[in-house]
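Consider the following model from the whole chain down to single residues. Keep the sequence and the coordinates open side by side.

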Amino acid sequence: MSHFFRKTTLFVILCALSCMLRSSLLAQTINGSMSGTVVDSSGARIPGALVVLRNSKSRDQRKTTTNASGVFNFNFVPAATYTLTITREGFETLLTKNIELHPNDQLNIAELKMQIGSENVSVTVEANTDIATSGERSSLITAKDIQKLSTVGRDVSELLRTQAGFSQVQSGLDNSSGSAEVAGSYSGLANYVGNGATANGASVIADGANVTDPGSGAGQTQIVNMDMVQEVKIETSNFGADTAKGPTVITAVGKSGGQNYHGNAQLYVRHYAMNAQDWFAKYQGLPQLPDRYLYPGVGVGGPLIIPGTSFNKNHKLTFQFNGEGYVQQNSYAYGNPTKALLQALVPTQAMRNGDFSVQSLSNYLGVDQGTLTTQCNASGTLVNYLHQCALPATTNAGYLSATGQTRNFTGGVLTGGIEPNMAAVLNGLYPLPTGPTVKGFNYKTLNTINPNLFQTRLRVDYAMNDSNKIYVVYNGQFGTTTGIPENIYYSPGTSNSAILGGVNTLARRTPLHARTSAASTTLG
């Protein structure tokens, strides 16, 4: 039993050391430092003054004293709003409120002047933290700012579009771009570029963990939900040694619990009935996409207590939980309508009835009858359609059906139509045309997917004492997707031709022929 106890104790100690080590490594990413100088009214330094730094939300506090030069310093301080209290015998208490500390800040507060008097008398001042302490070029977006911004998606990467010098990535001859409207695969960093950088030149740091896709550098391994962050810092140049990568770094600090209970519930809805018709779908003659997005979410935080017990009576253990579902129906595959467009050349109703005459094949390929009869050869303009444009042979063209009946062609029309079993296979594989053949295609539709997801985030903070703080963050993203549809009639073709998804005519060939074409855990 004692052996088991020793092993258990060792395991706990190792876990604690791991947390502390991880904390020091992450501190440069999501924490900051604060220093200052305490002087009297004449400017003389005051040594030995007690300095207490208190988190306005969690009420967690840290203590130190000024050195012989009247200087104090706090390291590894989480981003938050603080109150600084300075006391010294023979001087009035100095209270400085609303000190805002952000990720990677090295805040140096100007001279803090104490007046001679009784400690029972306090002087309250507002902090001036607008003085630049580094040469970095950055901007800060708080949770309150996010609530006021007009955004469409749920990921913080969309906030890049609010920054000067940033725009949405455009690519290809159609100048298409990705979409931040859908949470998940297509809503990350690859959609935005700024200040002349490449599309894979940005990184996202969430609660100290780098969630940038290590493979491409242009995506994310996880959604960084806007309603789960306390603030977002966007750095674009003049990085310090604490920043691992550029030219754009997004640092998101997640919400944490406080001394008081708080909670929220929200529901974001987007529905196609409230949207205008997509210009591309309208241009292609397609109906409006019936897409729907439903994002229910909850959040709750505060001290972690067990009713009826004295557990955590000092409220040193706090938590923050957030969860959100991403119900997304009929979203564009590949992230935008131009890439989701599926065009094909599929058998017409006449061909399904066994009509492979010159007129039927001309309608099928979208050419006149003269072109069909003269250009369907190895050196003609219809060389890519030799399996489709060749007229049925007039000799030895009969074939034996499954019932033992011999069927022949008369003027290119199959007597008795296509054999029923094969007709059933044909109709099951290929849809009917959506219109006449234009530029090699007679069928158009949009590939859609249903990338439904849900995400949970839990943060637990424990203030062991004034010098040691531990926090654990779990962020999990789960879900399934219907995948991008793959169809036998899919045919990318070339500029004006579709060479896949056709049906062979019976020119000494077989009767029918078809061709087929993650959770992140952060310890601090």
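The paragraphs below go from overall composition to cores, a sheet, a surface patch and some individual residues.

This is a predicted model, in which local features need pLDDT of at least 70, side-chain atom pairs count only at pLDDT 80 or more, and totals for chains, interfaces and linings use all residues. Residues are numbered from 1 along each chain as its sequence is written, and side-chain values use heavy atoms, with hydrogens and water left out.

The secondary structure of the chain amounts to 9 helices and 29 strands; helices (H or I, at least four residues) and strands (E, at least two) are DSSP runs, numbered from the N terminus. Of the 524 residues in the chain, 44% are buried. Here buried means under 20% relative accessible area, exposed means over 50%, and partly exposed lies in between, with a 1.4 Å probe and protein chains only. The chain has an accessible surface of about 26200 Å², and carbon and sulfur atoms account for 55% of this surface. Such areas come from the Shrake-Rupley method with a 1.4 Å probe, and for residues only the protein chains shown count as cover.

Turn next to the interior. A nonpolar core is a set of buried Ala, Val, Leu, Ile, Met, Phe, Trp, Tyr and Cys residues joined through side-chain atoms within 4.5 Å. The largest such core has 21 residues, and Y82, L84 and I86 have the most contacts inside it. At least two residues of this core come from each of β1 (31-40), β2 (50-55), β4 (71-78), β5 (80-87), β6 (93-101) and β7 (106-114). A second, separate core has 20 residues, including Y364, L382, Y385 and Y443. Contact means heavy atoms within 4.5 Å. Not counting residues up to four places away in sequence, I86 touches V38, A49, L50, V51, E92, T93, L94, L112 and M114.

An open sheet of 5 strands runs in the order β9-β14-β15-β12-β13, with mixed pairing. Its edge strands, β9 (137-142) and β13 (209-210), each pair on one side only. Two strands pair if DSSP finds at least two bridges between them. Strands β14 (residues 229-237) and β15 (residues 248-254) are antiparallel and share 6 bridges, and K233 stands opposite T251 in β15.

The loop between β12 (202-206) and β13 holds D207. This residue is not a glycine, yet its phi is positive, about 50°. D207 counts as buried because its relative accessibility is 5%. A further positive phi, near 60°, belongs to N330, also a residue other than glycine. N330 lies in the loop between β18 and β19 (331-332), and its relative accessible area of 18% is why N330 counts as buried.

On the surface, L267, V269, M274, L294 and V327 form a nonpolar patch with about 450 Å² of accessible area together. Patches are made of residues with over 30% relative accessible area and no salt bridge, where like charges are joined within 9 Å and nonpolar side chains (Val, Leu, Ile, Met, Phe, Trp, Tyr) within 5 Å. A salt bridge is a side-chain nitrogen of Lys or Arg within 4 Å of a carboxyl oxygen of Asp or Glu. V327 sits in strand β18 (residues 317-329) and, at 35% relative accessibility, is partly exposed.
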